[in-house]
Amino acid sequence: MISKNQIKLITGLHQKKQRFANQLFFAEGIKVIQELLQSNFELEYLFTTQNDFETVGTSKCIPVTEQELKKISALSTPNTCLAVFKIPAGNTIIDSGLILALDDIRDPGNLGTILRLCDWFGIQQIICSKETVDIYNPKVVQATMGSIARVNVNYVDLKSFITNAKLPVFGTFMNGENIYQSVLPQNGIIIMGNEANGISAEIEKTVTSRLTIPRFGKLQKTESLNVATATAIVLSEFKRNS
């Protein structure tokens, strides 16, 4: 049975302020939780309506009813399990190879998908501006489908990081060089911008190579691509050229 204090704690973790005050976050669903259990994330509690986690000790695995799980879930239709993990200490930034920099990404689903893409394409490091949505937001964690355990993510002063990195800097724009005709290196920083406004003017000044994903439609009416879709194309081209 889940206690009132545990319910209060977990519902509080829906908010960024409480996640960082308690240094805890939660994940839902068997697949995501299993991925996190097999990683370096440290489990605090596991609440489940079924006996799906035999390797988790009884001191941390707490049986709950569907109604109890609904009280703490962030999903409109709760899964069968919810786990609380400790937020790890800050990761050391990997400053070599291809680095993905996110300039003010606000949609949790986009960030979660981008993490999965980095996991798929072998991008080890994501650098986020401080305005980018919190990686431990429940919707982000859910969308990563476990990739949160395998990609290094840091929040920094993005302009300062890029300026000091001394790597070629690539950004996607409507008027850049055709990415399909570009020679792309194995080392560099790839910047993806905000869903509505693209790369900010301040960060645009740090870009050394402007790239574009050309439109092939006859009418040329589509204004832009979803940022996660664009990220998939860009990463695919960088890896194809490596």
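Me: In which sense do E5 and strand E9 (residues 188–192) pair?
Reply: This is a predicted model, in which local features need pLDDT of at least 70 and side-chain atom pairs count only at pLDDT 80 or more, while totals for chains, interfaces and linings use all residues. Residues are numbered from 1 along each chain as its sequence is written, and side-chain values use heavy atoms, with hydrogens and water left out. Strands here are DSSP runs of at least two residues and helices (H or I) of at least four, numbered from the N terminus, and two strands pair if DSSP finds at least two bridges between them. Ile 99 stands opposite Ile 189 in E9, and over five bridges the sense of the pairing between E5 and E9 is parallel.

Me: Is strand E5 (residues 98–102) largely enclosed or open, and why?
Reply: Buried means under 20% relative accessible area, exposed over 50%, and partly exposed in between (1.4 Å probe, protein chains only). Leu 98, Leu 100 and Leu 102 point one way and Ile 99 and Ala 101 the other. Because five of the five residues of E5 are buried, the rest of the structure leaves this strand largely enclosed.

Me: Which residue forms a salt bridge with Arg 150?
Reply: A salt bridge is a side-chain nitrogen of Lys or Arg within 4 Å of a carboxyl oxygen of Asp or Glu. For Arg 150, the closest N and O atoms are 2.8 Å apart, and the partner is Asp 119.
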